[in-house]
Amino acid sequence: MTEQIIIKGYWWLPSSPDTAVAGILTYTPNESIVLELVGQLKSGISAMEEFINREEEGVIFGYSSDAKDISLLNCYPSGGNLNFSCRFPIQRYRCQHLIIGTHIETLDNPLFFKTQIEIPYFSLWATPNSIETTTFFNEKQIEKYCISFKPEGFHIDTVDIEEYTLSIDGAVNYKGDYFEPKIKQKTVISLTNKSDYSLRDVLGKIFLFEQFLSFAALKPVESSKIVLYDKSKYQQLENGTKHFFPIQYIRVYHGTEIKDEQNITKRWSFLFSYDTIKTEFKTILKKWYSEQADIAPIRHHLIECVSQKGTFSSVDFLVIIQAIEGFWWRFRDDDYKLENHIPSRRQTHLNTILESLINEFNGIAILKLDEINIQEIVYSRHYFSHFVPKDKKPFAKDGLELYLLTSRIRKLLICCLLNFIGFSNNQIEDIVKKSDSKFLHD
């Protein structure tokens, strides 16, 4: 999904397969999936009627010049032109989903049993260890270097999530140029199921894993490659082995790439890596998936507020404080009121929320949460939320002071989420010590 794709072929609606028209499909990363057609998709009406009354098409099928079945889902009319001096119209559609390798009418068709996913820099989070280097010495000097790798790669971990099995494996790409052989290792994720699942189902599972890694990276990440496998699409070899044909799924990719791969490790940092949490990884990931509905809004707020940006505004502060309040209302408020014999209908003040959470994680000394000024947070929260006169909220902060205040409460929010997915305070402190994220050490 990181490279432009241009497909020439014939296109038609599933309801009228005999009415196929020529056209070009263009996928441009960070922009769009656009299909431009030369002619009419619908028969029995004039070109003018079809052009004027164009509407959303749930699916458009295609057959490419390199003999591949193509499916386009959720297609919306976009531009085009109709010249009355010409015998055919030019029609253009913007599409949400592109599937190369099969015809599928909806996201809910249960056709796939396996999916492989690649996420940029995931190999840094879970190091593949697929390549081994050996140095041979002859007396006092180096005689030769040997680089070796297994064709099947290196297995890292497996987690059973509901009816799915999520597997993390190291893999090696080798281009056998004699004078310039290129070897590149990477880490890939696989989702398999005994029964067939739909594209909608697997995209939901992929999204949750992207969110998990986004939290680990404190930066939004997304899949750059998604390959699907259908049990009915294979070639059987003479020994009986089935080779399943890869089906490529494309959506508009919005990620950014670091082109200088030699310095990639110097430019990427994580809140925690796989090595940091590998003993708890299975438990953590299962909880992340099982509690998806409860944590979704807070998780989204966290990722939004820690994204690397060139600017800072009061909105960043509000997003974080609202996420902290959301965590409290969902996971702490009922127990707090029960322990302190407080009526459930009484709303807990923000002062109490912050004081309680700071005390809960105050044992993580390295974060210095006890230095957070609760009064400044409360005043700033009310000032920017309700636009009250500044003289009525004299402790409200702005500019650089608000930025520094936001950095402190961001650490508190990170503690809340680490606690939610299963870490104790001692484990959180260990994660912070090992982390090279600037958000925890600035």
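How many residues lie between strand 1 and strand 2 in their hairpin? There are two residues between them. Keep in mind that this model is predicted.

Strand 1 covers residues 5-13, and strand 2 covers residues 16-28. They pair in the antiparallel sense, over eight bridges. Look at L13 in strand 1: opposite L13 stands S16 of strand 2.

Now follow strand 2 onward. Strand 2 also runs antiparallel to strand 3, residues 32-38, and seven bridges join them. One of the pairs is Y27 with I33, where I33 belongs to strand 3. Strands 2 and 3 form a hairpin too, with three residues between them. In this turn, N30 has a positive phi of about 70°.

Most residues other than glycine have a negative phi. Two further residues with a positive phi follow. N74 is not a glycine, yet its phi is positive, about 55°. N74 sits in strand 5, residues 69-81. Is N74 buried or exposed, or partly exposed? N74 counts as partly exposed because its relative accessibility is 23%, and that class lies between 20% and 50%. Y121 also has a positive phi, near 70°. Y121 lies in the loop between strand 7 (110-118) and helix 2 (122-125). Its relative accessible area is 12%, so Y121 is buried.

Finally, turn to the interior. In soluble globular proteins, nonpolar side chains tend to be buried together. Here the largest nonpolar core has 114 residues. L72, W125, F272, I324 and L418 touch the most other members. Take I324 as an example. Leaving out residues up to four places away in sequence, I324 touches I353, L354, L357, I409, L412 and L413.

Note on methods:
Residues numbered from 1 in each chain as written. Predicted model: local features only at pLDDT ≥ 70, side-chain atom pairs only at ≥ 80, totals over all residues. Heavy atoms only, no water. Pairing = 2+ DSSP bridges. Helix = DSSP H or I, 4+ residues; strand = E, 2+ residues; numbered from the N terminus. Core = buried A, V, L, I, M, F, W, Y, C linked by side-chain atoms within 4.5 Å. Buried < 20%, exposed > 50% of the residue type's maximum accessible area, 1.4 Å probe, protein only. Contact = heavy atoms within 4.5 Å.
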